[in-house]
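Good morning, and thank you for coming. Please look at the sequence and the model on the screen while I describe the main points.

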Amino acid sequence: MNRIAIVTAHPDRFVAMANGLADRAEGAAVSWYLSGTAALEAAADAAPDLVVIDEDLADLSTLVFLRRLMAVNAMIHTAVASRLATDQFHETYEGLGVLMQ
């Protein structure tokens, strides 16, 4: 079973995506975290296969969250929902293992 964590202070932004993932990834379990801190604690206990991160976290910047997540487990796949232009996104998140924007 694929374990997907969605980290956002605004779950309504990700409901359609979560439903699509659950429908397409047979047996996928989607977990929701309203803060970066809660997601980091959960990842330390049981690493998800993918973490989808909203750029507007309630408690941490996306960069801080990604750096801390890498310290917990650098093998966790990540994607960031961001409004940055592609080149700025690449410059900002280069070297942090982000799969996609």
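Are helices α2 and α3 roughly parallel or roughly antiparallel to each other? Before I answer, two remarks on conventions. This is a predicted model, in which local features need pLDDT of at least 70 and side-chain atom pairs count only at pLDDT 80 or more, while totals for chains, interfaces and linings use all residues. Residues are numbered from 1 along each chain as its sequence is written, and side-chain values use heavy atoms, with hydrogens and water left out.

Now to the two helices. Two packed helices are described by the angle between their axes and the distance between the axes. The axes of α2 (residues 36-45) and α3 (residues 62-72) come within 10 Å and cross at roughly 10°; here axes are lines fitted to C-alpha atoms, for helices over the stretch in contact, and angles run from 0 to 180 degrees between N-to-C directions. Angles under 35 degrees count as roughly parallel and those over 145 as roughly antiparallel, and α2 and α3 are therefore roughly parallel to each other.

Which residues meet there? G36, A39, L40, A43 and A44 in α2 meet F65, R68, L69 and V72 in α3. By class, this contact of α2 with α3 has seven nonpolar, one polar and one charged residues (Ala, Val, Leu, Ile, Met, Phe, Trp, Tyr, Cys and Pro count as nonpolar, Asp, Glu, Lys and Arg as charged, and the others, Gly among them, as polar).

Let me turn to the chain as a whole. Its secondary structure comes to four helices and five strands, where helices (H or I, at least four residues) and strands (E, at least two) are DSSP runs, numbered from the N terminus. From the N terminus on, the elements run β-α-β-α-β-α-β-α-β. Along its principal axes, the C-alpha trace spans about 35 × 25 × 25 Å. Of the 101 residues, 35% count as buried, that is, under 20% relative accessible area, with exposed meaning over 50% and partly exposed in between (1.4 Å probe, protein chains only).

Two individual residues complete the picture. L66, in helix α3, counts as buried at 1% relative accessibility. L66 is in contact (heavy atoms within 4.5 Å) with I53, T78, V80, Y93, L96 and V98, leaving aside its neighbours within four places in sequence. L66 and L96 are 30 residues apart along the chain, yet their C-alpha atoms are separated by 6.7 Å.

M17, by contrast, lies in helix α1 (residues 15-24) and is partly exposed, with a relative accessible area of 31%. Leaving aside neighbours within four places in sequence, M17 is in contact with I6 and V52.

Conventions: Angles under 35 degrees count as roughly parallel, over 145 as roughly antiparallel, 65 to 115 as roughly perpendicular and the rest as oblique.
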